[in-house]
Every structure is written in structure tokens, then in C-alpha cells.
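Visitor: Please take a close look at one part of this structure for me: the side chains that pair up, and the helix packing around them. Keep it brisk.

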Amino acid sequence: MNNLEYYKVFYHVARAGSLTVAARELNVSQPAVSQSVKQLEAALGTRLFMRASKGVRLTGEGELLYGYVAKGYEQIGLGEQKLQQMLNLELGEIHIGASDMTLQFYLLPYLEQFHEKYPHIKVRVSNAPTPETLCNLQDNKIDFGVVSTPFEGREGLKVVEVREIEDVFVAGRKFIRYKNCMLDLQELEKMPIIYLEGATSTRSCMDSFLQKNNVYVRPEFELATSDMIVQFALRNLGVGCVVRDFAREYLEDGRLFELRFNMIIPKRHFCVVTNPGNPLSAAARSMLELL
């Protein structure tokens, strides 16, 4: 028996004030408990217990030692309890990486479901473009990411496509002459284009597609969010390039229309990305199962 076991026996005897009760709690024989106490006393070079009318009581040295052992042993018990709560999804934390788009048009309803089922699990969402989310995943700063294709840097990552998305060009009444026309992609070079700024998967995908077809646009406006692109298009400031979901409401009520081209713009996907090298908590695994 190692020293940790001796202290475990010591804790139970001291708390119960009885070798017999401690033996029953530990599910061992009373002689085994008595022997453990004697071995601990021998190792420490002092008496820890003295006989009492009903069992045993601590000596002064035993009282001193018990004050420290009890704190440690009870902290271990509390740790086991909290761990079990975590495994039972009664507490814990999930850290997810997502862009504005994947959060709004895919992740949000699942977060709502998860919170209703496990209200004590804390969910943190790091809002960032796809490239930054992938870096955070590889650096073990998040449990998993919800991103949009295309993207690079997927080496060692597990990628699961979960929803199809489509990029479109939308415009308002000022550009009504283009409505219901089958346009050549080169027509975009003559239009005031409203684009996303910076390194986003949406921007890089459209740039790549147009360049492959020898189309080079010079954006009139470069904005931080797709929602702002839609607002600029509603005010007839140009032709906006967005994922259809952002403009769906205005396309359906007729305030915006979608330009048609004689070449199909490739569809993209939302993906759930994990790093198999990063261990996941029970809460994170449960969230992934929901997704």
C-alpha cells in the first residue's frame, strides 16, 4: 500500500473516530485499517491516534495532519464530482470558431437547441473569417470550426460538408435593364461592383472564378460585411456579390433581383472542421453530434 492509501485510511478513521466504521466505509477489514494506521505512524515517527471510550481520537499531531489531509482529500472528491458533472454535461465549456455567415445561416439554430438541452454548458464563439478560424483550430484555441469553402491549410484537419451555399450578384431598380437577361460574365467589368473586403473565403472564391474566365472587376465599394453589401445594393449604389442567404428576404419581396449569367457560378459549402489531434470534451463531442 502506498502513502496515498495510508492517508486515505487516516482520513476515514479520523473523520469517523472509529476503526470499525472506517473499515466499513473503505470496504476492507478492520485489521487492514489498523495496520495502515500503524504503518503511517511509523513512517511519520509519531502517534496520530489514541484510544477513546468509543473508538479512537486524534492526538495533537494527528489534528495538525488531519487539517491538511482533509482539505486535499475533499478537494479530490470535489474534483471527481465536477468531472462526473462534466461527463454528464451538467457543466463544461465549448469554444467554437465561426464566421458571421456560418453563425447566422447554419450554427445559430443548433446553438439554441444545445442550450435548451444543456443550459449549464458555456458556449464561446470566436467570430472570425475562415482562414483565422482554421489557424485557431490548428493552434488548439478552439474545439472546432464552422467555415465556408474554399479554403487552404486543411492538412491534418477533418472536414465534413454540412450545407450547400451559393454566391450571387444582386441589384436594385437602377439596374433593372439587366433583369431577366442572360448575361456574359464580361458584363461585370462594366458594372459598379460591391465586394467584401479582406481575406474571406467568399471574396477569394469569386476572384478565382472570375479570373479563370478572364474577367477582372475593379470594385466600386469594398465593405466589411455582407449585410452592408445588401444595404448598398438596396440603395442602388452598385451590384453586390453575396451569398444568396443574405439577400433572400429582398429577392423574395422584389426589392432586389439576381443577375443571370451564361456560366454557372460554382456552389460552395459550409463545413464543420475538427482537428483529430485535439482531444474534445464531452460537451464538444455532444455539440458535434448535434451538428
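Guide: A salt bridge here is a side-chain nitrogen of Lys or Arg within 4 Å of a carboxyl oxygen of Asp or Glu. This is a predicted model. Searching the whole structure for such pairs gives 14 salt bridges.

Start with R15 and E25. Their closest N and O atoms are 3.5 Å apart, and the two form a salt bridge. The pair links distant parts of the chain: R15 belongs to helix α1 (residues 3-16), E25 to helix α2 (residues 19-26), 10 residues apart. Are these partners buried or exposed? R15 has 45% relative accessibility, so it counts as partly exposed. E25 has 41%, so it is also partly exposed.

Helix α3 (residues 30-44) brings us to the packing. At 1.5 Å a residue, its 15 residues should span 21 Å; the end C-alpha atoms are 21 Å apart, which agrees. V33, S36, V37, L40 and E41 of α3 are buried. Seen down the axis, the buried residues of α3 fall within an arc of 135°, so they line one face of the helix. What lies over the buried face? The cover includes α1, α2 and β1 (49-52). After α3 comes G45, with a positive phi near 75°.

With ring centres within 6.5 Å as the cut-off, the count is 10 aromatic pairs. In one of them, Y11 and Y66 have ring centres 6.0 Å apart and planes at 15°, so the pair is stacked. This pair, too, links distant parts of the chain: Y11 sits in α1 and Y66 in helix α4 (residues 60-87), 55 residues apart. Y11 is buried because its relative accessible area is 4%. Y66, at 19%, counts as buried as well; the cut-off is under 20%. Both rings belong to one aromatic cluster, formed by F10, Y11, F49, Y66 and Y73.

Now move along the chain to two further salt bridges. E222 and R203 meet at 2.7 Å, N to O. They too link distant parts of the chain: E222 is in strand β10 (residues 221-223), R203 in helix α7 (residues 201-212), 19 residues apart.

E258 and R260 form another salt bridge, 3.5 Å from N to O. E258 is buried, at 16% relative accessible area. R260, at 44%, is partly exposed. Shared partners join E166, R244, E258, R260 and K267 into one salt-bridge network.

The largest nonpolar core has 35 residues, and I94 and M287 have the most contacts inside it. Which residues does M287 touch, beyond those up to four places away in sequence? They are I94, I96, L107, Y110, L111, F114 and F144.

Methods
Residues are numbered from 1 along each chain as its sequence is written. This is a predicted model: local features need pLDDT of at least 70, side-chain atom pairs count only at pLDDT 80 or more; totals for chains, interfaces and linings use all residues. Side-chain values use heavy atoms; hydrogens and water are left out. A nonpolar core is a set of buried Ala, Val, Leu, Ile, Met, Phe, Trp, Tyr and Cys residues joined through side-chain atoms within 4.5 Å. Buried means under 20% relative accessible area, exposed over 50%, partly exposed in between (1.4 Å probe, protein chains only). Contact means heavy atoms within 4.5 Å. Helices (H or I, at least four residues) and strands (E, at least two) are DSSP runs, numbered from the N terminus. The expected span of a helix is 1.5 Å times one less than its number of residues. The arc is that of the directions from the helix axis to the C-beta atoms. Rings of Phe, Tyr and Trp (its six-membered ring) pair if their centres lie within 6.5 Å; planes under 30 degrees apart count as stacked, over 60 as edge-to-face and the rest as tilted.
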